[in-house]
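Q: Can we go through the charged pairs and the surface of this one? Keep it short, please.
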Amino acid sequence: MEKIAIIGSGLIGCAWGCVFARAGHPVVLYDIDPKVTAVALNAINENLVKLHIAGLITESPEVVLKRISIASTLEEALSGAGLVQENVRETVEAKKEIFAKLDRIAAPETILASSTSGIPASSFTADLKGRARCLVGHPINPPSVVPLVEIVPAPWTDQSTLQRARAIYEGAGQVPIMVQRETQGFIVNRLQGALLSEAFRLVEDGYVSSVDVDKAIKDGLGLRWAFMGPFETIDLNAPGGIRDYCGRYGPLYLDIAKQAEPRVWTDALLDKLEKERLQELPASERPARSRWRDQRLMDLVAHKRKADAQDK
């Protein structure tokens, strides 16, 4: 199994460490701040224990954790690595700085992947000698539970690099999607953004509360979307399939789209949403609710794996 170097050992870096180590890869963590790496292994172990209890890993956490080590220097972390997963600050300047170092130090065949949520690789790899081996590998938080990863090339990323990266992510149990070319926000954030824009609009215009919008997703659309996407959903929702569905409902959705002019999320709207959210969940309870969310996600992924196995 190829060595994986995790650069930046915060929340996302630790989750990536779990992903690759549980798949059998030797993993090396590096962070410019030694205080971060000092607590990383403990955080990873806690996550592995939860994953083991949920049935998402079969090996003991102790066995998986032995595959992960800490590097004291960037050179040590990159030595012999097949893929580098970068997780530093979400700014173009920070990405440029670290990728210049990665490109200079890493072996020419090493894939350099960024976990950035929305910064295109072209904005921080254009001047690199090895820019053809650079790409975005954007996870969905937390990647140790949610398997999707968006593989996004820069205009100069080599196709063989993309295919190698895809094979590594798939081999680690992730579900990669291949973005054909750069677009702001990539794919998942654009889809989420479209839903958020409409959700904010419906609340601002007084049609529904934020609490009931959440119900519309978690007790409605979200149930279907947990195991099928929007195109399969509408393909099954009309007797004649997707073309039949679009013939029936296309005009309705076109009218809705025409009404949906972009809006700024105003302070007045945010005050309303914040008040409603705090009534549902006091700020002091957010950490516990986040842990509850992660546990529910683990349970859901475990259920999906079992269901998929039965389908086969």
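Q: Fine. What kind of model is it, and which pLDDT limits apply?
A: This is a predicted model: local features need pLDDT of at least 70, side-chain atom pairs count only at pLDDT 80 or more, and totals for chains, interfaces and linings use all residues. Residues are numbered from 1 along each chain as its sequence is written, and side-chain values use heavy atoms, with hydrogens and water left out.

Q: How many salt bridges does the structure hold?
A: It holds 14. A salt bridge here is a side-chain nitrogen of Lys or Arg within 4 Å of a carboxyl oxygen of Asp or Glu.

Q: What does Glu204 pair with?
A: Arg263, with N to O at 3.1 Å. Glu204 sits in helix α8 (residues 188-204) and Arg263 in the loop between α11 (242-259) and α12 (267-280), so the bridge ties together parts 59 residues apart in sequence. Helices (H or I, at least four residues) and strands (E, at least two) are DSSP runs, numbered from the N terminus.

Q: Are those two side chains buried, exposed or partly exposed?
A: Glu204 is partly exposed at 32% relative accessible area. Arg263 is partly exposed too, at 39%.

Q: And Asp214, which partner does it have?
A: Arg277, with the closest N and O atoms 4.0 Å apart. Asp214 is in helix α9 (residues 210-225) and Arg277 in helix α12, so this pair links parts 63 residues apart in sequence. Relative accessible area is 39% for Asp214 and 36% for Arg277.

Q: Where do Lys272 and Glu276 lie?
A: Both are in helix α12, 4 residues apart, about one turn of the helix. Lys272 is partly exposed at 36%, while Glu276 counts as buried at 12%.

Q: New topic. Which residues form the nonpolar patch on the surface?
A: Tyr249, Leu252, Tyr253 and Ile256, with about 370 Å² of accessible area together. Patches take residues with over 30% relative accessible area and no salt bridge; like charges are joined within 9 Å, nonpolar side chains (Val, Leu, Ile, Met, Phe, Trp, Tyr) within 5 Å. Areas come from the Shrake-Rupley method with a 1.4 Å probe; for residues, only the protein chains shown count as cover.

Q: Where is Leu252 found?
A: In helix α11. Leu252 is partly exposed, with a relative accessible area of 46%.

How values were computed
Buried means under 20% relative accessible area, exposed over 50%, partly exposed in between (1.4 Å probe, protein chains only).
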